[in-house]
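Subject: Handover of a protein structure

Dear colleague,

Please find below the structure that I am handing over to you. I would ask you to keep it open while you read the notes that follow it.

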Amino acid sequence: ENENVTVDKACFLISNITIGPESINLQQVGSCSELRLCHCTPTCVTEPQKKKKKSQISQCNNALENSEELLEFAARQIKDRYVTMASAFRLSLKPKVSDNMTHLMVDFSQERQMLQTLKFLPVPKAPEIDPVECLVADNSVTVAWRMPEEDNKIDHFILEHRKTNFDGLPRVKDERCWEIIDNIKGTEYTLSGLKFDSKYMNFRVRACNKAVAGEYSDPVTLETKALNFNLDNSSSHLNLKVEDTCVEWDPTGGKGQESKIKGKENKGRSGTPSPKRTSVGSRPPAVRGSRDRFTGESYTVLGDTAIESGQHYWEVKAQKDCKSYSVGVAYKTLGKFDQLGKTNTSWCIHVNNWLQNTFAAKHNNKVKALDVTVPEKLGVFCDFDGGQLSFYDANSKQLLYSFKTKFTQPVLPGFMVWCGGLSLSTGMQVPSAVRTLQKSENGMTGSASSLNNVVTQ
């Protein structure tokens, strides 16, 4: 593998350059230590040898052109000398790498150490809801639960609830969807400000740690009964505009209906009426003068749900500019000309803000003036079985007045309004404060004695 370096000018060999794979490092080709000069005996060069040497030089030049750094190194060391290389030498530019490629393997030692330090959390077990500890009161529901065993990895709980009228065991699928309350830190939660417009509510809960949520608890059902009713538009006075739980005075309501009916009657007299003009479907849903519809000065509307037993509560709020209104209950037999509180079939509390301000309790055309401030919102409590009708300040729960009687027929919530409007809040439980006041009121003498002087039973 030793190659001869000759000087063409002197025609004799003055030195020997040994170049081989073991003496050239392609990554450090600029190092002078890679070329070794060896002395030898000078000899004459013949013409055929010259041609052969030139061929070798040409082959070597082609190989050296592939390495710019090697040519620059050779130029600096040999300068203007000719370089000849033996044909047996082949310059290789292949990278020096091992066959197993170990130097290209990825080091996972750090990741392996991190994986070994991971701690896996178990799936939390399903909590257990305790129905005894749950509370339904004041249109609020408090749900309490516990874990079957202590688990200090629990981060929070998820509570789900839905309304239902199904009185059996909770079903997986129901007509209403589950509503979700997330990120509960304790084992108790209270939903407040609810409208109880269904008989029951279903509840379920599950525990969550930092990694995963566990299974749901067995659902429980809590009773949420309350009186729900709307206003009966079919029997209301024509001057009242009624929509579900709102009623508003409409001074043009009756006159508009009268002009429509009279116009139809006149057209019917002047010529042969068409079937469309005389058909029942072309008239208002409730014909004026109907026995069930209030008329005259009885600007009254009743609720569409009768009270036949139990204790019930609802609230009424009047518009600020309402001049006159009454709130109470009445039998179904209340006449269409009768006004609330002026017959022995109705009980009410009346507010008058026109000409002079009055606040009074009325029954059987007898009046009891009330020396209290008219509240912003009235609360009405009806104990049918106990024969009691009480009125409260809905905000402070201050008792305003109570009627003592014995209801002999189902009663309907009743309302009268003139020049203003009323809005109702139904689906409400009897407030705890009202229940407490009712118990203490049974021993009162002031309101009860006044009541006995007013009411004729």
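This is a predicted model: local features need pLDDT of at least 70, side-chain atom pairs count only at pLDDT 80 or more; totals for chains, interfaces and linings use all residues.

Residues are numbered from 1 along each chain as its sequence is written, and side-chain values use heavy atoms, with hydrogens and water left out.

The chain as a whole

The protein chain has 7 helices and 24 strands. Helices (H or I, at least four residues) and strands (E, at least two) are DSSP runs, numbered from the N terminus. Of its 457 residues, 39% count as buried. Here, buried means under 20% relative accessible area, exposed means over 50%, and partly exposed lies in between (1.4 Å probe, protein chains only). The accessible surface of the protein chain comes to about 27,700 Å², and 50% of it belongs to carbon and sulfur atoms. Such areas come from the Shrake-Rupley method with a 1.4 Å probe; for residues, only the protein chains shown count as cover. Among contacts (heavy atoms within 4.5 Å) with a separation of 6 or more, 66% are between residues 24 or more positions apart.

Aromatic rings

How many aromatic pairs does the count give? The count comes to 10 aromatic pairs. Rings of Phe, Tyr and Trp (its six-membered ring) pair if their centres lie within 6.5 Å; planes under 30 degrees apart count as stacked, over 60 as edge-to-face, and the rest as tilted.

The pair of Y331 and W347 is edge-to-face, because the ring centres are 5.4 Å apart and the planes stand at 80 degrees. Y331 belongs to strand β16 (residues 324–331) and W347 to strand β17 (residues 346–352), so this pair ties together parts that are 16 residues apart in sequence. Both Y331 and W347 are buried.

F384 and F407 form a stacked pair, with 5.6 Å from centre to centre and 15 degrees between the planes. F384 lies in the loop between β20 (377–383) and β21 (388–393), and F407 lies in the loop between β22 (399–404) and β23 (411–418), so the pair ties together parts that are 23 residues apart in sequence. F384 is buried, with a relative accessible area of 12%, and F407 is buried at 8%.

Ring pairs also link W249, Y299, W354 and W418 into a cluster.

A charge can also sit over a ring, which requires NZ of Lys or CZ of Arg within 6 Å of the ring centre and within 35 degrees of the ring normal. R204 lies over the face of W178, at 4.2 Å from the ring centre. R204 also lies over the face of Y216, at 3.8 Å from the ring centre.

A nonpolar patch

L115, L118 and F120 make a nonpolar surface patch of about 390 Å². Patches are made of residues with over 30% relative accessible area and no salt bridge: like charges are joined within 9 Å, and nonpolar side chains (Val, Leu, Ile, Met, Phe, Trp, Tyr) within 5 Å. F120 is found in the loop between α3 (109–117) and β4 (128–129). F120 counts as exposed, because its relative accessibility is 75%.

Salt bridges

A salt bridge is a side-chain nitrogen of Lys or Arg within 4 Å of a carboxyl oxygen of Asp or Glu. By this rule, the count comes to 10 salt bridges.

K125 and E149 meet in one of them (3.1 Å, N to O). This pair links distant parts of the chain: K125 is in the loop between α3 and β4, and E149 is in the loop between β6 (140–146) and β7 (156–164), 24 residues apart. K125 is partly exposed at 44% relative accessibility, and E149 is partly exposed at 46%.

K377 forms a salt bridge with E315, the closest N and O atoms being 3.9 Å apart. K377 in strand β20 and E315 in strand β15 (residues 311–318) are 62 residues apart.

Finally, salt bridges that share partners join E128, D130 and R146 into one network.

Yours sincerely,
A colleague
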